[in-house]
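This report describes a ligand site, a metal site and several local backbone features of one protein model. The sequence and structure are shown first.

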Amino acid sequence: MRPNTLKQRIRDNQPIVSAWLSIPSGYSAEILARQGFDCVNVDLQHGMIGFDHAVPMLQAISATDAIPIVRVGNSEPAAMMKLLDAGAYGVICPMISNVEDAQTFVSACRYPPHGNRSFGPARGLLYGGADYAKHANDEILTIGMIETREGLDNVDAIAAVDGLDGLFIGPNDLSLALGKAPMAEPTDPEVVAAIAKILEAAQNQAKVAGIFCSSPAAAAKRIAQGFGFVVPGNDAGMLTQAGRNAVAGARANPAADAGNTKGGSGY
Ligand code: 3PY
Ligand code: MG
C-alpha cells in the first residue's frame, strides 16, 4: 500500500502543513495540492462541498505528492466509510466530546477486528494499491477535533483512545464553547489555557496535536509552540486576501504595470 507520509512525519516529529479546501472544485484542489503542502484537506463540514464534489477533488489531490484527507460533517460512520472508500487517507472528525465519540470515529476507520469499517475500498485500492485492505488500518490517519466544553473536560481520556492518531483544535468552536466570541486566533486567557491543555494532552500520549490557523505567520507560531499539524488558512481566505491585495495594489499605483501585457499567475 502507498505509505501515508503524514504518519511518517508524525513519527519523525516533522510538522504537517495542510491545505484546507472549502471551494467545491477539482481545479482549485489541484492548484493547492501542487504548492508543497504535506496534505490537502477536503472540508465537508463547513466547506461548500458534498460527496459528489469531494470525489474529483480527492482524485486531483491524489495525482500529486500531497496526501488527500477529509474533514467530515460529524461522526456518522457511513459517511466516513464512503469517503475512505473514495480514497481519503485521513479523516478529521469534528466535535469529539468523549471517549465513546472517539471510539465510534476510530472504529469506522478501521477494518475488523480493530473496528467496524465495511469492506468496499473502491478508489482506496486505486490510490493505495492492491494490498490496501491489508494495511489500511495502519495507514489511515484519524484526528479527532476537541472544540466542545465536554471534549475539553475529557481531553486526557480522549487522547488515550487506542487508534486515535491525534487531536485537532477548532479555535472558533472552542471559544464559543467557553462562552467567548468565535476567534481563529484566540487571545482570551481561558481559551489560551484550553488550547495549551489540549496540546499537552496530545503530547502526553505521543500523539499529534493540530490546530486551524488564520495565516502562515500564525501557523509558524503554532509549530514553535509544539503543534505538529497546522493549517495556514483555507482556500476561501487565501482567495479573499489575494483579491484584496490585487485591488489595493492596483489602486495604490496604477502606473506601476503600465506597458506590462504579460499574464500573471492566474488566467
Ligand atoms: C473551528 O475553528 O471551530 C474549526 O472547526 C476550524 O475549522
Ligand atoms: Mg469547528
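This is a predicted model: local features need pLDDT of at least 70, side-chain atom pairs count only at pLDDT 80 or more; totals for chains, interfaces and linings use all residues.

Residues are numbered from 1 along each chain as its sequence is written, chains are lettered from A and ligands numbered from 1 in the order in which they are written, and side-chain values use heavy atoms, with hydrogens and water left out.

**Ligand 1**

The shell of ligand 1 consists of Trp20, Arg71, Met145, Glu147, Gly170, Pro171, Asn172, Asp173 and Phe212, a residue being near the ligand if one of its heavy atoms lies within 4 Å of it. Helix α10 (residues 171-177) supplies the largest share of the shell, three residues. Helices (H or I, at least four residues) and strands (E, at least two) are DSSP runs, numbered from the N terminus.

| Residue | Protein atom | Distance to an oxygen atom of ligand 1 |
|---|---|---|
| Arginine 71 | side-chain N or O | 2.8 Å |
| Glutamate 147 | side-chain N or O | 3.1 Å |
| Aspartate 173 | backbone N or O | 2.9 Å |

Of the 240 Å² of accessible area that ligand 1 has on its own, the protein covers 94%; accessible areas come from the Shrake-Rupley method with a 1.4 Å probe.

**Magnesium ion**

Glu147 (OE) and Asp173 (OD) coordinate the magnesium ion (ligand 2) at 2.1 to 2.2 Å. Donors are N, O and S atoms within 2.8 Å of the metal (3.2 Å for Na, K and Ca), and the site may look incomplete because water is not among the atoms. The two residues are 26 residues apart and link distant parts of the chain: glutamate 147 lies in the loop between β5 (141-146) and α8 (149-153), and aspartate 173 in helix α10. Glutamate 147 is buried, at 2% relative accessible area, whereas aspartate 173 is partly exposed, at 22%. Buried means under 20% relative accessible area, exposed over 50%, and partly exposed in between (1.4 Å probe, protein chains only).

**Helix α7**

In helix α7 (residues 132-139), the buried residues are Tyr132, Ala136, Asn137 and Glu139. Their cover includes α1 (5-11), α4 (77-85), α6 (122-128) and β5.

**Loop residues**

Glycine 228 occupies the loop between α12 (216-225) and β8 (229-232) and counts as buried at 15% relative accessibility. Apart from neighbours within four places in sequence, glycine 228 is in contact (heavy atoms within 4.5 Å) with Gln14, Pro15, Ile16, Val208 and Ala209.

Most residues other than glycine have a negative phi, and most peptide bonds are trans. Proline 112 and proline 113, however, are joined by a cis peptide bond with omega of about 10°; proline 113 lies in the loop between α5 (99-108) and α6. Methionine 95, in the loop between β4 (90-93) and α5, has a positive phi of about 55° and is partly exposed at 36% relative accessible area. Alanine 206, in the loop between α11 (189-204) and β7 (208-213), has a positive phi near 55° and is exposed at 68% relative accessibility.

Notes
A polar contact is a pair of N or O atoms within 3.5 Å; within protein, one must be able to donate a hydrogen and the other to accept it, and residues adjacent in sequence count only if both atoms are side-chain atoms.
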